[in-house]
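Here is a short briefing to read with the structure open beside you. Take the topics one at a time and find each residue as you go.

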Amino acid sequence: MDLHLSHVSHRYGGVEVLDDVDFTVAQGHIVCIIGPSGCGKSTLLRLIGGLEKPSAGAVLQLGEPPADSRNPLTYIFQDFALLPWRTVRGNVSLVLEDHVLDQGARAAIIDDVLRRTKLSEFGDAFPRQLSGGMKQRVAIARALSVNPACLLMDEPLSALDSQTRELLMDDLIELWSREPFTACYVTHNLGEAVRLGHKVIVLSRRPGRIREVVDIDLPLAGRSAERASLEALQERLWRLMREEALAADQELADA
Amino acid sequence: MPEGPVPQARSVAFRGGGFAPRPVGIVGPIVFVTLLLLWELGSRTGWISALILPAPSAALGALEDLYRSGLLFKHLGASLERLVLGWCLGTLAGIGVGISAGLFSLARAGVVPLVSAIFPIPKIALLPLFIIWFGIGEASKVATIFFGVFFPTVIAVTGGIDNVDRGLVRMGQSFGLRWSSVVRKIILPGALPAILSGFRITASIAIILLVAAEMIGAEFGVGAYILMAGNLMATDQLIAGVAILSALGLGVGWLIGRAERFLLRWRG
Ligand SMILES: Nc1ncnc2c1ncn2[C@@H]1O[C@H](COP(=O)(O)OP(=O)(O)OP(=O)(O)O)[C@@H](O)[C@H]1O
Ligand SMILES: [Mg+2]
């Protein structure tokens with residue numbers, strides 16, 4: 001299943017947030033979305049997942065999601081959004097409980113996703129007992145448990161320290177290499193964008209328009225070895241972002 | 001190396017700490033016992049006249065008489081029955097109405113102004129009305145407690161639901177959870193801490209109203225006992241009755257504390 005954003009615009013009251021955003025997320029690819037603060041990245045993601053309706057344009061699913069996908073468009077939130085009163089297993093179980101699954105099948109899915117996110121030993125821990133990185137791995141496990149056709153990630157690593165971020169990025173790349181998933185990945189961090197993206201979409205300041213689309217053809221798994229080309233890419237993205245960020249800053253100061 | 005004399009080493013003054021009360025279990029009982037002892041001492045030496053305030057030992061004696069006569073459990077039983085009935089009914093109704101007001105705009109628009117208008121009325125002032133409506137028997141007493149408990153429960157439940165993290169609700173929706181699952185598994189557990197602290201308040205209100213209601217036409221009940229003692233100027237019995245109420249309050253508080261510790265154990 002591919003996702004196509006067809007001329008999506010959105011406004012909140014009189015504020016135009018997104019203007020004619022048009023791109024495609026191809027199956028098995030990670031599309032990174034970057035842009036200055038307040039340009040509408042989170043809004044865009046909410047539109048894609050159906051948590052809000054666009055003022056104009058449409059978000060289209062091209063093709064059917066896989067039959068075994070229990071929740072085709074699945075979010076991973078910046079603040080993890082774990083229920084503090086449920087254990088790790090309980091948090092994963094939450095999103096399976098509304099599906100017809102017998103006890104054994106549900107437990108098997110939970111075991112599988114906890115193993116894939118290296119959380120098997122922490123099934124009975126409560127969120128407050130976990131570090132930030134582990135909490136986000138629980139959220140990733142929860143997302144994987146519903147077999148998403150497309151993951152929608154809104155700055156999934158920005159609440160974490162930089163070491164944890166590196167480790168989790170490696171985890172994500174490993175997960176993808178074993179079983180390629182489709183994802184829209186919103187981030188502020190250009191390093192994450194060039195490490196994880198097959199395509200990087202640079203949005204302008206508000207109202208967010210597509211400023212540039214950068215394709216990165218390097219295979220994900222080999223990227224950590226290609227420091228030089230990644231850095232050149234990052235430099236290029238930063239130059240694009242810099243003007244927008246500066247201008248956005250100026251506007252806020254004037255407002 | 002800088003030149004000159006070696007600077008003197010001084011440890012940095014500590015200025016953190018405080019503002020973090022921790023439980024010191026033994027202090028409460030010590031204060032309590034000391035006060036009782038001073039009071040007893042004052043009475044024995046005649047410094048406190050027995051007419052003004054009977055000695056704790058006299059109150060204890062009155063309690064013992066009450067127990068011997070077998071009336072203690074009759075009074076206590078009658079009171080507990082009204083308390084439990086009124087509190088449970090009021091709490092159930094309050095939770096039901098509070099949940100609807102927390103979830104549905106229409107219910108909220110109807111209920112919230114009504115609650116704001118009626119909550120501040122002291123229910124004791126309405127007691128004569130309740131007696132006219134429900135008779136002089138049990139029903140009017142239970143109704144007083146019911147109304148006293150109902151309104152604060154509605155407020156606690158509605159407020160608790162309002163304070164549930166909407167991010168968690170969006171998360172539930174984004175995973176396609178059914179509406180009923182979002183309510184049962186996200187909103188209600190999220191509102192539970194506020195609901196339980198509401199219970200503490202409503203339990204105290206229920207005890208206060210219980211006594212007030214029992215002072216009007218009750219044969220048995222702790223309130224009736226206290227009223228009788230007051231009318232006879234039997235201050236030792238009066239103090240004994242007040243001690244029973246205090247113990248009742250402590251017991252209820254303890255029960256709610258246990259419930260909190262069990263239901264909110266995820267807070268650690
Ligand atoms: N529910 C809302 N109602 C009104 N305005 C909103 C709402 N949500 C977002 N906005 C506005 O829309 C604009 C875009 O917000 P959005 O959160 O999508 O930006 P963002 O690119 O994700 O920013 P950041 O990088 O800081 O996360 C902002 O100016 C914000 O104030
Ligand atoms: Mg955002």
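**A bridge between two chains**

In this predicted model, the side chains of A:Asp98 and B:Arg178 meet in a salt bridge, with 3.5 Å from N to O.

**Where chain A meets chain B**

- The rule finds three salt bridges across the interface of chain A and chain B.
- Across that same interface of chain A and chain B, six residue pairs are in polar contact, with both partners at pLDDT 80 or more.
- Two elements of chain A give two or more residues to the side that touches chain B: β5 (73-76) and α4 (132-145).
- Of the elements, β5(A) gives the most to this side of chain A, with three residues.
- Sorted by type, the residues on the side of chain A that touches chain B are 14 nonpolar, two polar and five charged.
- Counting residues on both sides, the contact takes 21 from chain A and 19 from chain B.
- How much area do chain A and chain B bury between them? The value is about 1,800 Å², and 66% of it is on carbon and sulfur atoms.
- Three residues stand out here: A:Trp85, A:Asp98 and A:Arg128 supply 36% of the area that chain A buries against chain B, more than any other three residues.

- A:Glu97 sits in the loop between α2 (88-94) and α3 (103-116) of chain A, while A:Arg86 sits in the loop between β5 and α2 of chain A, so the pair ties together parts that are eleven residues apart in sequence.
- Is A:Arg86 buried or exposed? A:Arg86 counts as buried, at 17% relative accessibility.

**Salt bridges within chain A**

- Over all chains, a search of the whole structure finds 27 salt bridges.
- A:Arg178 forms a salt bridge with A:Glu174, and their closest N and O atoms are 2.8 Å apart.
- Both A:Arg178 and A:Glu174 belong to helix α5 (residues 162-178) of chain A, where they are four residues apart, about one turn of the helix.
- A:Arg178 is exposed, with a relative accessible area of 54%, whereas A:Glu174 counts as partly exposed at 36%.
- Another salt bridge brings together the side chains of A:Glu244 and A:Arg205, at 3.4 Å from N to O.
- This pair links distant parts of the chain, 39 residues apart: A:Glu244 is in helix α7 (residues 227-254) of chain A, and A:Arg205 is in the loop between β8 (199-203) and β9 (210-215) of chain A.
- A:Glu244 is buried, with a relative accessible area of 8%, whereas A:Arg205 counts as partly exposed at 28%.

**Cysteines without a bond**

- How many disulfides does a search of the whole structure find? Over all chains, the search finds zero disulfides.
- A:Cys184 has a cysteine sulfur 4.6 Å from its own, in A:Cys150. That is the closest one, but it is still too far for a bond, because a disulfide needs the two sulfur atoms within 2.5 Å.
- A:Cys39 counts as buried at 0% relative accessibility, and A:Cys184 is buried too, with a relative accessible area of 0%.

**A serine in a loop**

- Where does A:Ser69 lie? A:Ser69 is in the loop between β4 (56-62) and β5 of chain A.
- A:Ser69 counts as buried, at 13% relative accessibility.
- The side chain of A:Ser69 reaches the backbone oxygen of A:Asn147 at 2.7 Å.
- Leaving aside neighbours within four places in sequence, A:Ser69 is in contact with A:Val146, A:Asn147, A:Pro148 and A:Ala149.

Notes:
Residues numbered from 1 in each chain as written. Chains lettered and ligands numbered in written order. Predicted model: local features only at pLDDT ≥ 70, side-chain atom pairs only at ≥ 80, totals over all residues. Heavy atoms only, no water. Contact = heavy atoms within 4.5 Å. Buried area = accessible area lost by both parts, 1.4 Å probe. Salt bridge = Lys/Arg side-chain N within 4 Å of Asp/Glu carboxyl O. Polar contact = N/O pair within 3.5 Å; in protein donor to acceptor, adjacent residues only side chain to side chain. Nonpolar A, V, L, I, M, F, W, Y, C, P; charged D, E, K, R; others polar. Buried < 20%, exposed > 50% of the residue type's maximum accessible area, 1.4 Å probe, protein only.
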